[in-house]
Amino acid sequence: MPARVTVDIKGLEDRFAPKKLKDAQTLFAMQVGEDMNAYVHVDSQQLHDSMRTNSDFERGQIVWSAKDERGQDYAQHAYEEDPGPRDKNPKATPHWDKAASADHHEDWRKSAATLLNGGTL
């Protein structure tokens with residue numbers, strides 16, 4: 001005997017609507033960026049502050065961009081090398097993304113799940 005099954009996917013369509021996903025991605029990228037920024041070398045604040053102005057959170061892009069007094073790429077140097085004195089930020093470390101991930105990956109997983117389930121941070 002044939003059976004007829006009807007599946008209502010309206011809830012899924014609403015939950016994964018492009019606007020909702022973009023909003024969730026924006027909030028998530030902002031949280032991850034701020035968490036990572038806590039590990040960035042702080043001397044003149046230029047590198048630290050550059051994350052907020054250079055990132056495109058809507059696209060999920062987190063960017064640090066700063067030049068030193070000679071016009072050299074300070075962000076790349078600070079990322080690859082020991083950041084030097086940590087008097088202004090004791091948590092400063094090269095590869096700040098990895099340090100932040102080690103400390104926050106579980107928080108990020110929970111935040112992503114919350115946002116994808118329609119919640120807020």
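Leaving aside neighbours within four places in sequence, with which residues is W64 in contact? In this predicted model, the partners of W64 are G33, M36, N37, V40, L47, H48, S50, M51, A75 and W96. The mean pLDDT of the protein is 89, and 99% of its residues reach 70 or more.

**Setting of W64**
- W64 lies in the loop between α3 and α4.
- Because its relative accessible area is 14%, under the 20% limit, W64 counts as buried.
- T53 stands 11 residues from W64 in sequence, and their C-alpha atoms are 8.6 Å apart in space.

**Nonpolar core**
- The largest nonpolar core has 16 residues, of which M36, L47, W64 and W96 touch the most other members.
- Helices α2, α3, α4 (74-80) and α5 (96-116) each contribute at least two residues to this core.

**Packing of α2 and α3**
- Helix α2 (residues 18-37) packs with helix α3 (residues 46-54) at an angle of about 175 degrees, the axes being 10 Å apart.
- Since angles over 145 degrees count as roughly antiparallel, α2 is therefore roughly antiparallel to α3.
- On the α2 side the contact is made by G33, E34 and N37, and on the α3 side by H48, M51 and R52.
- The residues of this contact comprise one nonpolar, three polar and two charged.
- Among these contact residues, G33, N37, H48 and M51 also are in contact with W64.

**Confidence by element**
- Helix α1 (residues 10-15) has the lowest mean pLDDT among the elements, 78, whereas α5 has the highest, 96.
- Where pLDDT is low, the predicted coordinates should not be read in detail.

Definitions and conventions
Residues numbered from 1 in each chain as written. Predicted model: local features only at pLDDT ≥ 70, side-chain atom pairs only at ≥ 80, totals over all residues. Heavy atoms only, no water. Axes fitted to C-alpha atoms, helices over the stretch in contact; angles between N-to-C directions. Helix = DSSP H or I, 4+ residues; strand = E, 2+ residues; numbered from the N terminus. Parallel < 35°, antiparallel > 145°, perpendicular 65-115°, else oblique. Contact = heavy atoms within 4.5 Å. Nonpolar A, V, L, I, M, F, W, Y, C, P; charged D, E, K, R; others polar. Core = buried A, V, L, I, M, F, W, Y, C linked by side-chain atoms within 4.5 Å. Buried < 20%, exposed > 50% of the residue type's maximum accessible area, 1.4 Å probe, protein only. pLDDT = per-residue confidence, 0-100.
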